[in-house]
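Hi,

Here is the structure I promised to pass on.

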Amino acid sequence: MEKNKETAGKNIGSRDETIFSPRIRPIGVIKNEIEEPFLVAGNEGLDMQKSMEKVREEVRELDQRISTIIVDADWGDALKGIEAYSHLLVLYWAHKVNEQGRALKRVHPMGRKEIPEVGLFCTCSPARPNPVLACVVRLHERKGNILKVSGLDAIDGSPVVDIKPYVNSWYPREAVSMPEWMRRLMEEVDQYDRLKQNPRADFIEAIERRDLARCLIKTAEIHGHYCPGSALGVMASMHGLSLLYGLNRFDAAVTSSDGLENLMAIVEINACFADGVQAVSGCTLGNNALIYRDLGKHAVTLAIRGNDMGVRVCARPDFRETIGRLVPAFYPLMEKVIKNRVHTKEDEKRFKDTAREAAFALIKQDFENVFSAERVRVDLPGYAPIVDSIICQNCGEQLMATKAALNGICLTCAEKPYFQVEGRGIVSNTRRQA
Ligand SMILES: [Zn+2]
Ligand SMILES: [Zn+2]
């Protein structure tokens with residue numbers, strides 16, 4: 001053992017401090033618009049200075065952001081010929097890391113407290129004993145001793161320690177493995193990126209995979225709870241779309257509404273069912289691709305503009321028996337909690353549990369056992385018009401000109417009747433007063 005120690009010492013002089021003098025000298029500096037690092041080392045370890053949302057955005061924008069590397073005039077000559085490379089490996093110094101940061105041995109990755117601490121060298125934390133950071137960048141141009149690069153994850157003023165060419169054959173080509181937490185962090189960044197490109201990417205993926213459970217979970221994000229009604233809306237829309245396109249595999253471009261009213265949904269009930277329809281089809285009240293027909297039926301018609309045939313899906317008259325058979329306790333509890341509104345906290349919890357159970361059991365049923373479907377002729381109204389706005393002379397609020405009373409003031413100021421969709425359906429506000 002003693003011998004090994006000695007040899008190691010002799011071979012590389014790893015403990016010999018003298019090889020570090022003269023000290024590492026910067027050969028240039030990085031200039032960009034990023035003033036502060038998003039990870040800072042403090043008393044509690046790493047601390048995230050910005051929201052994850054912001055960080056993900058910055059990671060994504062990194063590819064586009066141009067940084068300038070100003071190489072010291074002395075070393076300009078050392079850049080000769082570098083423009084023949086498309087990518088470079090830049091080594092730079094995290095100059096804002098303090099002594100405290102340089103002593104950290106374990107950190108929560110990205111300062112995320114919910115991820116258990118890991119050894120510092122398992123991370124790319126900027127706070128490290130010798131805060132040398134490395135980044136592969138794309139080289140856009142070289143003008144003398146000035147390089148323009150993108151993809152450089154550094155803050156303004158970072159000293160550059162070294163520049164090397166990036167040659168991919170020097171790096172492993174086989175599959176690379178990594179800890180689960182790192183894989184998840186990277187996935188999060190990708191996810192954000194994907195959703196920024198297409199906000200419905202998650203839904204579209206779930207629809208394409210016919211993953212009803214995933215659609216139900218995503219529907220509950222807006223619906224607020226799991227219930228057989230929203231599950232019916234999810235199923236009806238999923239199968240309706242499938243029939244509408246007559247495809248085995250969905251075409252992502254038309255799988256759901258993109259807010260341009262090309263896919264339209266006509267829903268016949270303003271209950272839980274309607275949220276399943278809105279979520280899966282993407283046709284919503286707000287994007288004008290949802291038409292509400294006040295008929296009180298668990299039915300939806302899906303249609304594509306320019307095609308006068310659509311698909312209407314309606315729950316079979318015995319759908320309640322199916323739900324009752326799947327979860328016998330559901331309807332008695334619903335009677336107690338929702339209809340009579342006389343119940344204990346315990347009843348309410350049990351009701352929610354059975355509603356969830358019924359929803360997830362329902363989506364496993366064969367479509368034909370729960371619904372009937374038919375091709376129907378549809379008569380869609382025109383695209384939602386873009387109308388002028390006016391200012392109400394009385395309250396000063398802006399409104400669509402088409403919604404004003406005859407004297408150019410809003411209906412509330414004019415004390416005129418108007419319609420509203422509420423629990424009972426479409427009603428005139430005057431009906432209640434009458
Ligand atoms: Zn519901
Ligand atoms: Zn007004």
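Of the contacts in the protein with a separation of 6 or more, 68% join residues 24 or more positions apart (a contact means C-beta atoms, placed from the backbone, within 7 Å). Bear in mind that this is a predicted model, where local features need pLDDT of at least 70 and side-chain atom pairs count only at pLDDT 80 or more, while totals for chains, interfaces and linings use all residues. Residues are numbered from 1 along each chain as its sequence is written, and chains are lettered from A and ligands numbered from 1 in the order in which they are written.

The protein has 12 helices and 19 strands (DSSP runs numbered from the N terminus: H or I, at least four residues, for helices; E, at least two, for strands). Of its 434 residues, 27% count as buried, meaning 20 or more other C-beta atoms within 10 Å of a residue's own, again placed from the backbone.

Helix 6 (residues 228-245) is mostly covered, with 16 of its 18 residues buried.

Now the sheet: 5 strands, open, in the order 12-11-13-14-15, with mixed pairing (a pair needs at least two DSSP bridges). Strand 12 (290-292) and strand 15 (371-377) are at the edges with a single partner strand each, so one side of each has no neighbour in the sheet. Strand 11 (residues 263-267) runs parallel to strand 12 over 3 bridges, and isoleucine 266 has isoleucine 291 in strand 12 as its bridge partner. Helix 7 (residues 272-281) packs on the sheet, touching strand 11, strand 12 and strand 13 (299-304). Its direction makes about 175 degrees with that of strand 11 (axes are lines fitted to C-alpha atoms, for helices over the stretch in contact, with angles from 0 to 180 degrees between N-to-C directions).

Cheers

Terms used: Buried ≥ 20, exposed ≤ 12 C-beta atoms within 10 Å, placed from the backbone. Contact = placed C-beta atoms within 7 Å.
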